[in-house]
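Dear colleague,

I am handing over the structure below, together with notes on what was found in it. Please read the notes alongside the coordinates.

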Amino acid sequence: MTSAYLHHILNPTLMFGALGTIALLSLVFKENKLYRLFEHIYLGLALGYDVEITWTEVLRPQLWDPMVRDGQWVWVLTIPVGLMFYGVYTRRFEWMSRVVFGIFFGAAAGTVFQDMCQRFVPQVRKSFKPLVPPPSAPGDIHSTLHAVSYVLNNALFITILVCVLTYFFFAFDIKNKFLLLMARSGRLVLMFAFGALFGATIMTRMALLIDRMYFIFVDWLQWAPK
Amino acid sequence: MDRSIWHKMQSIDSRYIYAALIVAILIPLFCSKLVYLNIPSKPSIDFYKTIENVANTEPSGLVIVDGQWSSSSRGENKWQTQAIITHLMMRHIHFATLSFDTQNHTLTKEIVSALAAKYHYVYGVDYIDWGYRPPSAFQPVLKGIDTNIPGTLLHDSDGTPIASFPIMKGITTVKDISAIIEISPTSSIDTWLGLVQGVNNTPLLYAPTAISAPKYYTYLDSGQLSGMLIGVKGAGDYESLIHQPSFGTRATGALSFVYALIILLVIVGNIGHLKLRAIAKSEGISRP
């Protein structure tokens, strides 16, 4: 083992990172004290980091410096407004919190309304898909194939959309056999969707594990090639 | 008939499964010369084409790269960020980074600084760091940049007024932005869709973790999203599209091994279950 390699793997930052990774992953084999220790270290670090960033990146440049350095003391008025939120904890000053909450709720409701309209109206509009293919492009030698796939895709989309919507008719008892079949089909395709969701969940979990293995075996130990 | 083997097939000790999982991951890491068939998916190709389109039609346009990921989703979002920034720099597209997560600002800055040195990107001329804004300011910031970017963001991460940088010349509202890229494990894309893309019709690209991706396929279908990089597979796709293989490519190979292992375990468990059921049926027992 060369001294350069030893110097690398004994680098405190890398070694602490690797030890933390191994300690946190050790939970899958057995609950242990090393895991608990690093769990608390991780939580403490994350919280401390958040506090530091909130001060250096938000409160100091946007509130403290304008007041103290630039003399914009009007910003001091934001402090009592912020303190009004805490009125919720006393009966005497409860009305103060209602004032600021009311303003925030109003602003948030207006924003959410715009947000919902802009997101879902295009979805509804695009769900009206034509079953008649558009005129084929000039020179398209597979025009028939393209037209058939266009119609099939749209027909499949509309069928699934209607079946899934039928499944969500909970307000009344469905007795019609055809509607029951549609609702059951809707439930079936929902199961396909949940299966895809589960597959994607596995991908995320495994990607995180692969990244940690890469860190230990490639970045730290350098056993595997870069 | 001995039932123990069929029972064991359904209840393998989880520690053996974890060990097998780690071996499945390590094979592609150690055998980096293994060639993986990585076929980019359509959302990844659309993502790539949108960036290429910006490079070809608006070479001096500005792209916003908004990061909301932290170390907890580094395994996917870091490699997506690296591949995307690499592509932007390869095509010499100007971009601005923005963070709404305390850790993200530092993590993105590290990636951008390393790549900027490689591609000779100059701060303030080719790229700019709009800095960190608290998550609670997410909606107000998006509402603000719709109509006034310099007036909403004011300063870059070092406290310099953003309007003073050459890169910001002619950039006043979102209408002056060529594309928006959101890299996030959360549903923050909803707000971009509702408050920015829906109003201005700016091309919006999304790089989520794989777990968040299925929810947003509908937005691809409706054309509200112009492309999507799905988890680490998306990062691998993008690396192959820009011919810069890195972690994403190797991780995609490792994922294939992991999926093969999971499918094998599902088959083993089901064989055990079906065999026990057949034995129970032959012995006239209702439950194995």
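Leaving aside its neighbours within four places in sequence, with which residues is B:Gln82 in contact? They are B:Ile111 and B:Ser246, where a contact means that the C-beta atoms of two residues, placed from the backbone, lie within 7 Å.

Before going further, please note that this is a predicted model, in which local features need pLDDT of at least 70 and side-chain atom pairs count only at pLDDT 80 or more, whereas totals for chains, interfaces and linings use all residues. Residues are numbered from 1 along each chain as its sequence is written, while chains are lettered from A and ligands numbered from 1 in the order in which they are written.

To stay with B:Gln82, this residue sits in helix α4 (residues 74-90) of chain B, helices being DSSP runs of H or I with at least four residues and strands runs of E with at least two, numbered from the N terminus. B:Gln82 counts as buried because 23 other C-beta atoms lie within 10 Å; the cut-off for buried is 20 or more such atoms, with 12 or fewer for exposed and partly exposed in between. Its C-alpha atom is separated by 13 Å from that of B:Glu182, 100 residues apart along the chain.

Chain B as a whole has eleven helices and six strands, and 44% of its 288 residues count as buried. Its C-alpha trace spans about 85 × 40 × 30 Å along the principal axes. The domain assignment, which is automatic or from a database, gives domain 1 (4-34 + 252-282) and domain 2 (42-245) of chain B, and the C-alpha centres of these two domains lie 39 Å apart.

Chain A is divided into domain 1 (1-70), domain 2 (72-126) and domain 3 (143-226). Six residues of domain 1 of chain A are in contact with five residues of domain 3 of chain A, and helix α2 (residues 12-25) of chain A supplies the largest share of the domain 1 side, five residues. The average pLDDT of chain A, on the predictor's scale of confidence in each residue from 0 to 100, is 91, and 100% of the residues score at least 70.

Between the chains, 45 residues of chain B are in contact with 37 residues of chain A.

With kind regards
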